[in-house]
Amino acid sequence: MASSAVTHYQFWRDFYRQDLQRWLFLGKTALAALLALWLAYRFQLDSPSTVVITVFIVMQSRNGMVLAKSFYRAIGTIVGSIVALLLVALFPDARIGFLAGLALWVAFCTAGARYFRNFQAYAFVLAGYTAALVGLPAALDPGHAVDIGIARLSDVMLGILVASIVSAVVFPQSLRELLESTAKSRLEHFLGNSLRVLNGGVARADWIVLHLAATQETLQLDNYRSGSFFESAAGRLHNELVGEMIADMMFASGTLHLLNSHIRRLRRVALSPVQEASRELLEQLRKDLEGLRQTIQAGDSALARTHLQGVQERVIDQLSRLREDLHTRLDAAQALALDSLILLLTRYLAEFRRYLESYHRLLYPEQKTASLPLPMTIDEVHDKRWRVSFDRPPTEIIQPLTAAARSLMVVALVSCFWLWTAWPSGPSALIIAVVLVALFSTFPNPVASTRQMGFGILLAFLAAMLFSLEFLPRLQGFLLLALALFPFFLVSPWLLTQSRWAGTAAGFGIFFPQLAVPDNDQPFSYVNMLNTGFAELIAVFLVGIAFFLIFPLGNRWERSRLLERFRTLVRTVASAPLTNLRNRYAAESREYLRLLAATLTPQQQGDAEVLREAMRLDELAEGILQLRILLHARGEEAGEHPLQLYDQDYVEPLLQSIRQRRSEAMSEEDRQRLRATLDAVQHLPEERLDPALHPILPPDALFRVYVHVIASVSRRLSQALEPQDAG
């Protein structure tokens, strides 16, 4: 009986959290679209379909996301309308001049959309294609240009208003719950990755997949964070807390990456004594973290904090005794492997505790718990929190410029074809081309996105033909029209809830209303519907070809350039001032890896090599960062910065080699310098334990571990490049 009750409880809980929320979103979206359509007819607006399209575009599952998207859509629409009217005023009778100005404006907005992310990028996209939506009809009828601009603005603002009110009034769904559930899911996945690492390590190919999944979850969490700013004062507080939690999570993930590589390295026969001696400790830690994951799944983050603190204290004690028992019985390589395991495990637990504290503060901001200090950190971190921001992804000028050039060429080609052939549906095709080329320039895989959008447009075209031929002639009055449209209005939000069909959902939601919704007091034109539908399909085909041929993302040159940017970032890590450097590296490295992986297949040998090099670069940079932080750490025993005495003699030559090297393998001079550094640090005099730096390892051991991590990864990177140079 008790088991049956638990099963029923879990069923209804899952139904409430997933299925009910999904059906509420579908119903609210359809309701908002029908209400907006009724108001558009009531107010005699010129384009009721535009009002409905606006509802489908801005309607999201949570209030904060609706408000954020509405805000930036309003800005983009206003700016785009103003630019369109200025272009018409400058070129009232010069169609070529108008189209040239429009192409330049769309190129500028596409570059801006490529430069930013989240809703800021969306505002640039809107400003670009709104100029086409308003400007092209106005250019064909300059005498009514202002009326056309005002009508467009009125249609969009009504759609925004209706969507915002329905989202806030009808079963409102706060973004806070989604933020917290996504943060919980990310924490559980982090724990799951940790368990796999402690169970013998994760193969590099599998680790790449896990790393990419974590990056996508982090970007999704940051997207929710940017939306929460618009929801309420509590949402703005969450905006700050989520930023702090993402930073702490990235720090812990970086150390987990190093720990995974080291645990896999312990499988070597020469290091088997260390692996055997630590097996029981790692297994016990894995069981502790499994229990911790169950506690988090149960929703008790306070108990999880206490549990993790106890685990950390016990592991430090066990590692200390393990080092005392084994260190004198191991050879130099084995002793170094043991010290590396001790350092990485203790750092991982310290940064995981900090991550868990940030997660707890996100759930209970009213408790105002103090954040834990970063282990072995530098002075500036105590005064200012390290924050991670994804609003502007790391980019170089070539990326916005290539996106702008592509947009310019597409607009020019479609415009020339329209003028040369006097194609009646040319303006419709040009508008769709502008929309798609601006929108998908911000996507990591625009060809796949365009393909999905094209499928959505085809589906919308077929559905519009069915509706207009079978349903529309039999309808009289708005009530019957609403009943007939209702099932069609459910298609787009339903597709949107299936994440892999988001592009298809956008295509159907935008183009079905445009093709099927009748205008005010005008007879429905079947010829116009067919011409517009075919023009849109041709436009999406041309844009897909453009993304495939004109500066295609994911080509060999693009991959090489991204890898070189990654290498440049590693050189920056070796030379730039430390303040905020780890934050910057965490954000930029994940963006480069995301862009690399968007068009790569890990199963293919060439693609796998690219991803492996990216992960080695990530490992190298993390080692350099932690070594440089260690050099600037405050001590208690031997002065303010006890490890800086090693900097000039050992670290500077090592980092100088990394700063100077580009994509080529190590030179013989670099190899000799590396061997000399390793020999020197192997014979450093043993120093006294400094608890401010580490509870187990003395300063010389800490320094030795990170130098060997950097040297090991540098060698593996060089070896991977040598066959290419030889060939």
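Ala, Val, Leu, Ile, Met, Phe, Trp, Tyr, Cys and Pro count here as nonpolar, Asp, Glu, Lys and Arg as charged, and the others, Gly among them, as polar. The structure is a predicted model, in which local features need pLDDT of at least 70 and side-chain atom pairs count only at pLDDT 80 or more, while totals for chains, interfaces and linings use all residues. Residues are numbered from 1 along each chain as its sequence is written, and side-chain values use heavy atoms, with hydrogens and water left out.

A cavity is a set of points, on a 1 Å grid over the protein atoms alone, where a 1.4 Å probe fits but cannot get out; a pocket is an open set with protein on both sides within 12 Å along at least five of seven lines; lining residues have an atom within 4 Å of a point. Grid points are joined across faces, edges and corners, and a volume is the space filled by probe spheres set on the points. The whole structure holds 12 cavities of 30 Å³ or more. The second largest cavity contains about 120 Å³ of space. Its lining includes Arg186, Phe190, Trp207, His211, Met249 and Arg590. Two or more lining residues come from each of α7 (175-198), α8 (204-228) and α9 (233-265), where helices (H or I, at least four residues) are DSSP runs numbered from the N terminus. Helix α8 gives the largest share of this lining, 5 residues. By class, the lining of the second largest cavity divides into 6 nonpolar, 4 polar and 2 charged residues.

Next come the pockets. The second largest pocket has a volume of about 1,400 Å³, and 43 residues line it. Ser47, Ser49, Thr50, Gln514 and Asp519 are the lining residues that lie nearest its centre. The elements that give two or more residues to this lining include α2 (48-58), α5 (118-140) and α20 (526-549). Helix α5 gives the most, with 6 residues. The lining of the second largest pocket consists of 24 nonpolar, 14 polar and 5 charged residues.

The last topic is charged side chains that pair. A salt bridge is a side-chain nitrogen of Lys or Arg within 4 Å of a carboxyl oxygen of Asp or Glu. A search of the whole structure finds 12 of them. One joins Arg321 and Asp317, with 3.1 Å from N to O. Both residues lie in helix α11 (residues 301-326), 4 residues apart, which is about one turn of the helix. For accessibility, buried means under 20% relative accessible area, exposed over 50%, and partly exposed in between (1.4 Å probe, protein chains only). Arg321 is partly exposed because its relative accessible area is 43%, and Asp317 is partly exposed at 42%.

Arg323 forms a salt bridge with Asp339, and their closest N and O atoms are 2.8 Å apart. This pair links distant parts of the chain, since Arg323 is in helix α11 and Asp339 in helix α12 (residues 332-363), 16 residues apart. Arg323 counts as buried because its relative accessibility is 14%, and Asp339 is buried at 3%.

In the salt bridge between Arg474 and Glu470, the closest N and O atoms are 3.8 Å apart. Arg474 is exposed, at 60% relative accessibility, whereas Glu470 is partly exposed, at 42%. Finally, salt bridges link Glu564, Arg567 and Arg571 in a network.
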